[in-house]
Amino acid sequence: MEIDRARVARARVLAVGAGGIGCELLKTLALHGFENITTMDLDTIDVSNLNRQFLFRKRHVGMSKAEVARESVMKFQPRATIDATRANVKEARFDKEYFKSFDVVLNGLDNLEARRHVNRLCLAAEVPLVESGTTGYKGQVTVHERRTCACFECTEKPTPKSYPICTLRDTPDKPIHCVVYAKELLFSKLFGDVNTESDLDEQEAIEAGAFRRNEGETGTDFAERVFAYVFGSKIEGLLLKDDMWKSRAKPTPLTTSGVGLDGAFTETLPDAKSARRAHGLLDTHAVWNTSECAKVFVSATARLIERERPVTFDKDDDDAMEFVTAVSNLRSANYGIPAQSLFDAKGMAGNIVHAVATTNAIVSGLIVIEALKIIHNQMDKTRYTFVLEHPSNGRFLQPLSKEDPNPKCSVCSNARVELVCNTNKFTKGDLIKKVLKGRLSVHAPSVMFGSSQIHETGDDLDEDEVEHYEALDKRTLSALPGGGVVNGTILAVDDFSQEFTFELMVTHREEWDEENDPDGFIIRGEDVKASEAVAEEATETEAAGAKDDDEVLLMDDEIEITDVKRAREDDDDAKASKKQRA
Ligand SMILES: [Zn+2]
């Protein structure tokens, strides 16, 4: 391809995210002569970013990623104009008109919600999108444009199961965040290899010797001291970071006296098969209260600290699993998250996959290649590329032609979405929170039922309206005014911030098996057979969905999906060689 330097220099590029992929991308764009770049990122720089987000140095910790990235790039590319903002791409000011002001949008994002949001705005603004993601040594780059090819949401994405370190350490909001923190971070820190670096080694923890057992200190005294730090003073320290709690609920510190620990362990630990049994907690399905968790925490810690280090976590090691359950629930108490039984916590164990700087660099290079094609009006030459070692030919880059728009896609093809639930139990609040926001990533939903508005979002609502919609949240769907939302009702859902409108058809189902469908609802295309076909396709391009560019913890099942993709690529190879023979 003949590169038109002037065209590259004046192309207006929006690079969303200045993290793992973002840093590499900004560097590569600047070195390729792009001079008109806008970047945004909500995050500030964390110590754990420094090993791969190379535009940042230790002195930048705590500063805006976008702004420091701009500063660093300008040093080696002073001709570039880089507009950098510390902001969330979901803010209302970044609307369709804003997106229209760019020739191409490049995503280096770390969560599915933001990716969907950008996809919807790119479709509305008719701006081509280059989407990307990496997990460990794997990655992918895909290209999307209204009408000419599939949008980012044409294939169903598996529910994301990976967690940024800062979410785990500072701002958890789900039980799984607390379980993973307990197992991967605190357990390893207290009982793992002493020489291993830990994300819990923050300045104040080291200074306080928070995780180091003092000479002559009893196991229970040590455990109580860890308790006071992890669930108490550490949380108090976080509360001072005002920025962190602007759009989140503040956590609540716990005290040893508040949870009844003071004086609870004056004698030696009772002899028992495991920590919880010493406290008479025999039912593995029961959810321990905060005081019980505190006692199990102290007992389990005191027992584990006597073992020879490193202790490797094993979910079938009773003390280890009870420690994880107790820590997870105490953190849940800090952050107002529902507690879990020992049984449930055990089911949540996972594996860690570290972010790899090289993969981010490769993916960023691939993004720029696609961006160059787009700004040279060669959309027809763009393609998907998967960074994945091919099992038979050994190549690491797998190019794939773009897919056509999926006629069943609710985002780019206006297809109707079906919600199956028990309309006599499912509330309007569930509909808004679990379905629209949680599953479909609708940022600011408004919902019409016939001619009546049952939900609106926005700063311009008056108090009466807010109260009215909140009151409706508690009602079941079938008890909503206007005859109730029942089997066959069609709701009109609209999100102005995403320029996204679709119809949601409600199907009533009386019986729900909690084991198989713990959510109590199912989302699917109108035609069940069609939606099954979509689900199959989804496994083919799974890499486009659930991956984060940041350091993540990854659960086992994602790896299995990748294997499905590998198998399919073998198919492709077979097809290709057949073609060649023909
Ligand atoms: Zn689509």
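Predicted model: local features only at pLDDT ≥ 70, side-chain atom pairs only at ≥ 80, totals over all residues.

I started at P310, which sits in the loop between α11 (290-304) and α12 (318-335); helices (H or I, at least four residues) and strands (E, at least two) are DSSP runs, numbered from the N terminus. A cis peptide bond joins R309 and P310, with omega at about -5 degrees.

Residues are numbered from 1 along each chain as its sequence is written, and side-chain values use heavy atoms, with hydrogens and water left out.

**Positive phi**

Next I looked up backbone angles. E126 is not a glycine, yet its phi is positive, near 55 degrees. I found E126 in the loop between α5 (112-125) and β5 (129-135). E126 counts as partly exposed because its relative accessibility is 47%; buried means under 20% relative accessible area, exposed over 50%, and partly exposed in between (1.4 Å probe, protein chains only).

N414 also carries a positive phi, about 55 degrees, without being a glycine. N414 belongs to the loop between β9 (397-400) and β10 (417-421), and its relative accessible area of 60% makes it exposed.

**The annotated site**

Where does UniProt place the feature "active site"? The unreviewed UniProt entry puts it at C166. I noted that UniProt positions are given in the numbering used here, that feature names are shortened, and that annotations may be inferred rather than shown by experiment. C166 lies in helix α6 (residues 165-169) and is partly exposed, because its relative accessibility is 26%.

**Salt bridges**

I counted a salt bridge wherever a side-chain nitrogen of Lys or Arg is within 4 Å of a carboxyl oxygen of Asp or Glu. By this rule there are 33 salt bridges.

I looked at E322 and R276, whose side chains meet in one of them at 3.0 Å, N to O. E322 lies in helix α12 and R276 in helix α10 (residues 275-278), so this pair ties together parts that are 46 residues apart in sequence.

My next pair was K434 and D430, with their closest N and O atoms 3.6 Å apart. Both lie in helix α15 (residues 428-439), four residues apart, about one turn of the helix. K434 is partly exposed at 42%, whereas D430 is buried at 18%. I also wrote down a network: salt bridges that share partners join D46, R169, D170, E202 and K234.

**Surface patches**

Last, I checked the surface for patches, made of residues with over 30% relative accessible area and no salt bridge; like charges are joined within 9 Å, and nonpolar side chains (Val, Leu, Ile, Met, Phe, Trp, Tyr) within 5 Å. I362, F396 and L397 form a nonpolar one, with about 270 Å² of accessible area together; such areas come from the Shrake-Rupley method with a 1.4 Å probe, and for residues only the protein chains shown count as cover. F396 sits in the loop between β8 (384-387) and β9, and is exposed at 51% relative accessible area.
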